[in-house]
Amino acid sequence: MNVEAYGAHAGDQPLVPLKITRRSPGPHDVQIDIAFCGVCHSDLHQVRGEWAGTVFPCVPGHEIVGRVSAVGDQVSTFKAGDLVGVGCIVDSCRECEECGDGLENYCDGMIGTYNSPTPDAPGHTLGGYSQQIVVHERYVLRVRHPEDQLAAVAPLLCAGITTWSPLRHWKVGPGKKVGVVGIGGLGHMGIKLAHALGAQVVAFTTSESKREAALALGADEVVVSRNRGEMAAHRKSFDFILNTVAAPHDLDALLALLKRDGAMTLVGAPATPHPSPNVFSLIMKRRSLAGSLIGGIPETQEMLDFCAGHGIVADIELIRAEGINEAYERMLKGDVKYRFVIDSASLAG
Ligand code: NAP
Ligand code: ZN
Ligand code: ZN
């Protein structure tokens, strides 16, 4: 089927309207009419060719929610009319240890929702800035939030799971002091989720203007990271720091805030390397520096169900598809509270 989409023909070109083709549903496929798609900073990195290997035309978008419009004849878990989501993964090998453990995000054969090889035209996957998507049922998530929250659920499919997975893996909960660095799309979800998991949460921001707002998100305290005195007050005190910053910055200044055996996990993926760390930042207190990539399908469902049960959604600004280029510029300036979401109805013109 031909559908309307938004994408770019080259890394130095703006996003423009495109017509793309979606395959007819195979036996295990779910066809989804996309209602909303969140705008992740990874979309910008990818479509502008900031990471190696972008193939064009590039249609970004991996925070997808919508309604099932058709299913293949072998699909029993979903039916037409169901509210569903699709995140960053649309396929994987289904045979390796990672797939067996439900950590398809670490499968060497993971197929991303955009920019990954596929037999479908044009030979690489095209994402959620589009009217429709067809996905194997294994990679489709059930949405249990009320329908009127659907637009604000979309960012959970990447920003939500990318912060949930490390918070759970590093056992964040009551009695733990947790830092969340960067209050953007990912960071604001990290604050909400760490707070809901029962941790003491300190938000780190470069933006003085986000101080009050971060408290409203659930932070117990806010540190403006350019303020040395505020930083020094927290030295050697954190169990865990989740770092979502999308640009190179001084990691040593943050590692110094971890107590003995504390860990900082990087989820931000800047196009150029960080200037640090100094090995002494790690060895003096047996600290760890780690990374984490989105999350697996079972834990994504766990996160969605946790959020539905706790009334958690993203704070969003709804835009029309033709506003995407301006939205990218504003995202680069940190001028969004806290996630743009495309209303897919605007793709119809
Ligand atoms: P975002 O909405 O743009 O938020 C990033 C935040 O980082 C900004 O709001 C800002 O927060 C802070 N920041 C930006 N530039 C900075 C600088 N030069 N110095 C210090 N802080 C700065 O982006 P996002 O969508 O949350 O994504 C964040 C990063 O995670 C991106 O690199 C994205 O590609 C990556 N990502 C990774 C995964 C994964 O699986 N690991 C998944 C999704 C996204 P303040 O204003 O509060 O300082
Ligand atoms: Zn993302
Ligand atoms: Zn696999």
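A: Start with Y6: at 11% relative accessibility, Y6 counts as buried. Y6 sits in strand β1, residues 2-7. Keep in mind that this is a predicted model.

Q: How far apart are Y6 and A253, in sequence and in space?
A: They are 247 residues apart in sequence. In space, the C-alpha to C-alpha distance is 40 Å.

Q: Switching to the metal. Which residues coordinate the zinc ion?
A: The zinc ion, ligand 2, is coordinated by C40 through SG, H62 through NE2 and C158 through SG. The distances run from 2.0 to 2.3 Å.

Q: How are those donor residues spaced in sequence?
A: The pattern is C-x21-H-x95-C. H62 lies in the loop between α1 (41-47) and β4 (64-71), and C158 in the loop between α3 (150-153) and α4 (159-169), so this pair ties together parts that are 96 residues apart in sequence.

Q: H62 and C158: buried or exposed?
A: H62 is buried, and C158 is buried too.

Q: How many disulfides turn up in the whole structure?
A: A search of the whole structure finds zero. Take C58, which is in no disulfide: the nearest cysteine sulfur belongs to C37 and is 12 Å away. A pair would need its sulfur atoms within 2.5 Å.

Q: Is C58 buried or exposed?
A: Buried, with a relative accessible area of 2%. C96 is partly exposed, with 22%.

Q: On to ligand 1. Which residues come nearest?
A: There are 28 residues around ligand 1, and T205, T206, S207, I294 and R339 come nearest.

Q: What polar contacts are there with the oxygen atoms of ligand 1?
A: H41 has a polar side-chain atom 2.7 Å from an oxygen atom of ligand 1. H45 also places a polar side-chain atom by an oxygen of the ligand, at 2.9 Å. From G185 it is a backbone N or O atom, lying 2.9 Å from an oxygen atom of ligand 1.

Q: How much of ligand 1 does the protein cover?
A: The protein covers 87% of the 920 Å² of accessible area that ligand 1 has on its own.

Q: Which elements give two or more residues to the shell around ligand 1?
A: Those are α1 and α5 (185-196). The most comes from α1, with three residues.

Q: And how do the residues of that shell divide?
A: Into 13 nonpolar, 13 polar and two charged.

Q: Where does S276 lie?
A: S276 is in the loop between β14 (258-266) and α9 (279-283). At 14% relative accessibility, S276 counts as buried. Its side chain reaches the backbone nitrogen of L251 at 2.9 Å.

Q: What is the phi of N115?
A: Positive, about 70°, although N115 is not a glycine. N115 lies in the loop between β7 (111-112) and β8 (132-136). N115 is buried, at 16% relative accessible area.

Q: And what about the phi of K236?
A: Also positive, about 55°, and K236 is not a glycine. K236 is in the loop between α7 (228-232) and β13 (238-243). At 43% relative accessibility, K236 counts as partly exposed.

Note on methods
Residues are numbered from 1 along each chain as its sequence is written. Chains are lettered from A and ligands numbered from 1 in the order in which they are written. This is a predicted model: local features need pLDDT of at least 70, side-chain atom pairs count only at pLDDT 80 or more; totals for chains, interfaces and linings use all residues. Side-chain values use heavy atoms; hydrogens and water are left out. Donors are N, O and S atoms within 2.8 Å of the metal (3.2 Å for Na, K and Ca); water is not among the atoms, so sites may look incomplete. Helices (H or I, at least four residues) and strands (E, at least two) are DSSP runs, numbered from the N terminus. Buried means under 20% relative accessible area, exposed over 50%, partly exposed in between (1.4 Å probe, protein chains only). A residue is near a molecule or strand if one of its heavy atoms lies within 4 Å of it. A polar contact is a pair of N or O atoms within 3.5 Å; within protein, one must be able to donate a hydrogen and the other to accept it, and residues adjacent in sequence count only if both atoms are side-chain atoms. Accessible areas come from the Shrake-Rupley method with a 1.4 Å probe; for residues, only the protein chains shown count as cover. Ala, Val, Leu, Ile, Met, Phe, Trp, Tyr, Cys and Pro count as nonpolar, Asp, Glu, Lys and Arg as charged, and the others, Gly among them, as polar.
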